[in-house]
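Student: Could you walk me through this structure? I am new to it and would like to look at a few spots together.

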There are 2 protein chains.
Amino acid sequence: VIDPTTETRSGSEGEPAIEPIPGGDLFSTPGLRGAAAATGVQPGERLDLAVIVADGVRTAAGVFTRNAVQAAPLRWCRQALQKEARARSIVINSGNANALTGRRGEEDAARMAEHLTARCGGPALVLSTGVIGVPLPIERILPGIDRACGSLSREAGRDVAGAILTTDTTRKTCAVRVSLPELDGPVTIGGVAKGSGMIHPNMATMLAVVATDLPVEADALDAMLRRSVEASFNRISVDGDTSPNDAVLVLAGGRDGVDPLGEGDPRAPRFERALRTVCESLASQIVLDGEGSTRLLRICVEEARTPEEAAIVSEAVARSSLVKTALAGGDPNWGRIVSAAGASGAALDPDELSLDVAGLPVFVRGEPTPVDPTVLKRRFQSSPVRVTLRLGRGEQTHHRVTTDLTQEYVSLNAEYTT
Amino acid sequence: VIDPTTETRSGSEGEPAIEPIPGGDLFSTPGLRGAAAATGVQPGERLDLAVIVADGVRTAAGVFTRNAVQAAPLRWCRQALQKEARARSIVINSGNANALTGRRGEEDAARMAEHLTARCGGPALVLSTGVIGVPLPIERILPGIDRACGSLSREAGRDVAGAILTTDTTRKTCAVRVSLPELDGPVTIGGVAKGSGMIHPNMATMLAVVATDLPVEADALDAMLRRSVEASFNRISVDGDTSPNDAVLVLAGGRDGVDPLGEGDPRAPRFERALRTVCESLASQIVLDGEGSTRLLRICVEEARTPEEAAIVSEAVARSSLVKTALAGGDPNWGRIVSAAGASGAALDPDELSLDVAGLPVFVRGEPTPVDPTVLKRRFQSSPVRVTLRLGRGEQTHHRVTTDLTQEYVSLNAEYTT
């Protein structure tokens, strides 16, 4: 899998590599089992409920949507993790997001978690994805939890990865091993994700669950997860286009006789790089499964005055419908990129702006540069296309990946609930 | 023409109506002549250059794009109007925006204005719309100005309105008459505009020129134009998605023996209402000519804490691709509207939110309301569809109009320069 969110793997020389596990998934992590069930919330016999259970209580952390409207399961998880940063089990249903469902939604989320705790042990966390504003058919969900809890196994990777999908076309899983100093044998980090589409995830949902067998202190786990999400999922999802259900959960622990990793621990940087690698891989699988998208655009903003300035410019370009339709058409209409940057709200000086498209300088400090249109067009039709926008204002950078806006995107999203 | 930007015409009782002039246009305003020419910048024999000339120097004002990247003609107009708020003539070319064209672009804009001044009198203003980043073929433009200046007439409305279009499918013109106290005979206000598309105007350009025979002081004209643009063009164009070429110009004067209108003048409110009416009509003609759009959505945000909060929430809904594709599909997936509002950045409390769709309450203070899906779907398929989002935080309101996002929008924009 090409990873469009990153180009070079940072890491000290001579350090043992972060080793991908071919075909690995969440359950490559020792001590985890899972299962999926078909509840009928999604049509037919499609698996639409997943359960993940650890063989003991784990340290847990979560990063949740910045949307002011939070789905009931996210409210539940947030409160649970504030009370104690521990969890043993997770239930995820697809087809109904249990969002904008009022008091009944809160009760349904709690019932799902309590039911899972009763069957498989807890504390339990709960996530949902699907249609918004429709009450959850809880009478179908609870028996589904029962069935899943009756068939837990370590070979659940494919079923679990499938059961959490909605309009996705591919399962998203990843696992890596990394050796840490003063530790016998490598640590495993595995993950599973759901999400597609780049304008924002379809049904406005992006979910991921990551787990490791390394014990990690709660504060350190929370901080490392936040940084990893910022460097991965937040680079593919356009900021602001959040949904009520976006969430990333992590469970850590299980290996005996190991001191939990803390923030100042010398092993922490290497572990965090491995965690970020898993998040980046899952993020790249989401962007490659964009709704009806055919090509990727990597937007690199350089020479910004502040990191925030770099980020708002890259966001403005990434969410421009005119840029995204030009990408769909393979049309190197680069003026739209500069225009979108100008509309970002950043105090840009057009006479200091420069733009490279697919390695060709087309605009240098406010002046257009003659380029061979045939060469430009051919280069623009590759994927991913890289554009570099230099603001001439400082030294800060930001990059973001977006997809093209195609007719298929429109047709996929025009008739979703019907 | 339905006017989607306004629902009720404010105005004191018993006040003489603002009277539309059927078939009226910019040249309904006494003292104005115009002409158009085909320069070959747009394909074939299509008229693509317009000249507007008053029979004397007028007071002038302009409102220009908030995009940090400003096209050369806009930089030129801004400087000219800062130096003196007067103009006699305007030249507009279509097919090439003269934006991102560096020093040569600045020179070309100045040459257009100077050429027009030499032929027809000045001061001259200049506007351009079309492809960005391509040097202006000035050797075709200047002879076009010559030809247009040779055929000025008062019957130029249709040609001028056509020559400034790009992918628009309709000409946009409007004229009204309004009687003012202590003035013999009504005052005329006429206008012409260019623009289509609601994500943002195609080629990212929206232009308008308005003229009146009433003499108005420069400061008052500037203030009234700003307020009128805010209430009209800024309600249909999604804030932030500005282009380097967006501009509205106004010329005022010509009637002899009338004291120029000042800000405190008792005649000013009525005149300003008439000016706003013309801007609103032109804005509504633009939105109805949306690129590939078939239906309109009117977003009313109520109960916001501040006007800014109301505006950012209405903007977030208006620019949501998921909301716009749902509209295209006639799919009343109202959760997307609440989710888009939640993603706006406003500090909303979901338990205080309420949403009406086409008059049906679907979400009341955080609780979904049972509605008949058949009735909801039928009502959602009208145009314009009105949705009202109450934030439960205060008394401020904002409304905005957007269009659906259709497959035709994508196909129109995917291959524009090629």
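Predicted model: local features only at pLDDT ≥ 70, side-chain atom pairs only at ≥ 80, totals over all residues.

Student: Is T188(B) buried or exposed?
Tutor: Start with its place, which is in strand β7 of chain B, residues 187-194. T188(B) touches residues from elsewhere in the sequence, among them I21(B), P30(B), V176(B) and D213(B). Buried means under 20% relative accessible area. T188(B) has 5% relative accessibility, so the answer is buried.

Student: How many of the eight residues of helix α9 of chain A are buried?
Tutor: Look at residues 321-328, which form this helix. The buried ones include S321(A), K324(A) and L327(A). The helix is largely enclosed by the rest of the structure because the number of buried residues is seven.

Student: At the start of α9(A), which residue's backbone nitrogen does a side-chain oxygen of S320(A) reach?
Tutor: The oxygen of S320(A) comes to within 3.1 Å of that nitrogen. The residue in question is also among the buried residues of α9(A). It is V323(A).

Student: What is the phi of N98(A)?
Tutor: Most residues other than glycine have a negative phi. N98(A) lies in the loop between β4 and α2 of chain A, and it counts as buried at 1% relative accessibility. Although N98(A) is not a glycine, its phi is positive, at about 45°.

Student: Which residue does a cis peptide bond join to G122(A)?
Tutor: Most peptide bonds are trans. Here omega is about 5°.

Definitions and conventions:
Residues numbered from 1 in each chain as written. Chains lettered and ligands numbered in written order. Heavy atoms only, no water. Helix = DSSP H or I, 4+ residues; strand = E, 2+ residues; numbered from the N terminus. Buried < 20%, exposed > 50% of the residue type's maximum accessible area, 1.4 Å probe, protein only. Contact = heavy atoms within 4.5 Å. Polar contact = N/O pair within 3.5 Å; in protein donor to acceptor, adjacent residues only side chain to side chain. Lists of a residue's contacts leave out its neighbours within four places in sequence.
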